[in-house]
Amino acid sequence: MKHEDVTIVLQGPLVNYWGAMSEGLAYVYDYLEHVNKIIISSWSDSLERFEPSKLEQAIKHGNISLLTDDIDKYDGYYNNSNICYQAVSSLNGMREVKTKYAIKMRCDEYYTDMSKFIDLMKSSPEKLTTHNFLFNPDSIEQFHPSDHMAGGYTENILGMYEKAFEWCKKFTGTDPITADQIGVQNYRNVYKDGKVSPESFLCLAFLTHMGVDINCDDSVEIMKKHVQLIPLSEMGEFLCNIKGIGHKDYEIFLESIHGKSSIGSMEEL
């Protein structure tokens, strides 16, 4: 089924670590069987390393557009684990979305079955919809969904990245900030003594945009009310990357160090 009211934003470099085309770009035609439009949001230096004919062919034969930005413009912004680069490239793409719903994805990842994700997103579009790759339980880190996909009403996904970029402009450096610095008190995790990961940074940006009273004592209830997930196992074949490691097998992922800290449903939060 094709959803004419959904746009996918693919963000990130057009080429991978080895200089080849980012894997997700090979699936743009498959995605267009599910959604109205695809917006690729990347960096000018990445485009210089990309084989132009491949991109021109993709844009020519589908409802696909390309945006690029100068990555050097964001030197000095807060950029823990490249969160500023993610926020900027996502925001640039989201600003061009004209449909009611939007899904943010990464250029270096893919999923061969988008149908169940879209159905779940539309069932509660006011929520942040994602999958369970690196979706941590509350006992490990509060407000830590996956940031590899983000779907919902366009205005809310846009608002999340606008707020995240606002915070990136406010702070500097690559060391993680504390939740106190963005107005969230009594935040806890088992790793960083109150410092927020990129995933939690974005989730808190989403909740702040939505006007949620972020009381960390109610973190589980807040997440269940405002966030939902689909297991990767329901998205066909997939590729998800973490620190240069690609995961394609769901069962192997679950046994990995990353999978063992990922929940499979919101009931496990």
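1. A residue is called buried here when its relative accessible area is under 20%, exposed when over 50%, and partly exposed in between, with a 1.4 Å probe and protein chains only. By that criterion Phe-143, at a relative accessible area of 1%, is buried. Phe-143 belongs to the loop between E6 and E7, and has a positive phi of about 55° although it is not a glycine.

2. The model is predicted, and for this reader the conditions are that local features need pLDDT of at least 70 and side-chain atom pairs count only at pLDDT 80 or more, while totals for chains, interfaces and linings use all residues. Residues are numbered from 1 along each chain as its sequence is written, and side-chain values use heavy atoms, with hydrogens and water left out.

3. On the overall fold, the protein has nine helices and ten strands, where helices (H or I, at least four residues) and strands (E, at least two) are DSSP runs numbered from the N terminus. The radius of gyration is 17 Å, close to the 18 Å that the globule rule gives for 269 residues, so the protein is as compact as a globular protein of that length; the radius is taken over C-alpha atoms, and the rule is 2.2 Å times the number of residues to the power 0.38. Along the principal axes the C-alpha trace spans about 50 × 40 × 35 Å, and buried residues make up 56% of the 269 residues.

4. Contact is taken as heavy atoms within 4.5 Å, and of the contacts between residues at least 6 apart in sequence, 76% join residues at least 24 apart. The accessible surface, from the Shrake-Rupley method with a 1.4 Å probe, comes to about 11,900 Å², of which 47% belongs to carbon and sulfur atoms.

5. Strand E1 (residues 3-11) has seven of its nine residues buried, so it is largely enclosed by the rest of the structure. Pairing requires that DSSP finds at least two bridges between two strands; E1 is joined by six bridges to strand E2 (residues 35-43), which runs parallel to it, and E1 also pairs in the parallel sense with strand E4 (residues 101-106) over six bridges. Within these pairings, Thr-7 has Lys-37 in E2 as its bridge partner, and Gln-11 stands opposite Arg-106 in E4.

6. An open sheet of three strands has the order E5-E9-E10, with antiparallel pairing. Strand E5 (110-111) and strand E10 (245-247) are at the edges with a single partner strand each, so one side of each is left without a neighbour in the sheet. The antiparallel pairing of E5 with strand E9 (residues 238-242) rests on two bridges, and Tyr-111 stands opposite Phe-238 in E9.

7. Gln-228 lies in strand E8 (residues 227-230) and counts as buried at 7% relative accessibility. Leaving aside residues up to four places away in sequence, Gln-228 touches Leu-120, Met-121, Ser-123, Ser-124, Lys-127, Leu-128, Thr-129, Thr-130 and Met-266. Of these, Met-121 is 107 residues from Gln-228 in sequence, with the two C-alpha atoms 8.3 Å apart in space.

8. The phi of Leu-134 is near 65°, a positive value in a residue other than glycine, and Leu-134 counts as buried at 7% relative accessibility.
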